[in-house]
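Let's take a walk through a protein model together. Have a look at the structure below, and then read on.

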Amino acid sequence: MTATAARLVLRRAMEALYWACVAVSGAALVVISAVIPWGVLTRYVLNSAASWPEPMAVLLAIVLTFFGAAACYRAGLHVSVTVVQKALPTPARRAAELAAEAAVALVSLFMLFWGAKLVETTWHQAIADFPAVSVGATYLPIPISGAVTLLFVLERVLLGAPAPPVAFLGGREIQD
């Protein structure tokens, strides 16, 4: 396999991982949007409040936050302050970009390592509202999204920033 082919395979794998993060976080948002009205309906209309919608929404918010953050990082849609970086000459700008990527990599490693420890420590505890679900399972998005974000950092360092995501409007592709 040539270097160009390997780069293409890696880029496509990262693109698939990006869309998986988008799908997971999007699905979590859709389910949250259905669960919360159900809780309101049972509480105020049926006068018999369901106990599970709020804790489920909180658990799904964790999934939405961590996988959505990984996707936003790859797409370059995260909050970043680049005014100083853009004012630097090109060689210094590249060094600042690498330092920023290193900082994100360190945070990702922290999430991966300590998130895995958190999952391991809480794996055998049950959630009161969902006894069949492990507390550790609810923390899985932390180390998984840390690993995913670390892969996205490596992609940026090795291959450069990916092309912006393509949006669709009326059957036409729109580049942001």
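**Charges, shape and core**

The mean positions of the 11 positive and 9 negative charges of the protein chain lie 8 Å apart. Here Lys and Arg count as positive and Asp and Glu as negative, while His and the chain ends are not counted; a charge is placed at NZ of Lys, CZ of Arg, CG of Asp or CD of Glu.

This is a predicted model, in which local features need pLDDT of at least 70 and side-chain atom pairs count only at pLDDT 80 or more, whereas totals for chains, interfaces and linings use all residues. Residues are numbered from 1 along each chain as its sequence is written, and side-chain values use heavy atoms, leaving out hydrogens and water.

Now follow the chain along its sequence: the pattern reads α-α-α-α-α-α-β-β, giving six helices and two strands. Helices (H or I, at least four residues) and strands (E, at least two) are DSSP runs, numbered from the N terminus.

What about the inside? Of the 176 residues of the protein chain, 28% are buried, meaning under 20% relative accessible area with a 1.4 Å probe, protein chains only. In the largest nonpolar core, which has 18 residues, Tyr18, Cys21, Ala70, Val148 and Phe152 touch the most other members. At least two residues of this core come from each of α1 (3–45), α2 (53–75) and α6 (141–159), and α2 gives the most, with eight. Such a core is a set of buried Ala, Val, Leu, Ile, Met, Phe, Trp, Tyr and Cys residues joined through side-chain atoms within 4.5 Å.

Definitions and conventions: Buried means under 20% relative accessible area, exposed over 50%, partly exposed in between (1.4 Å probe, protein chains only).
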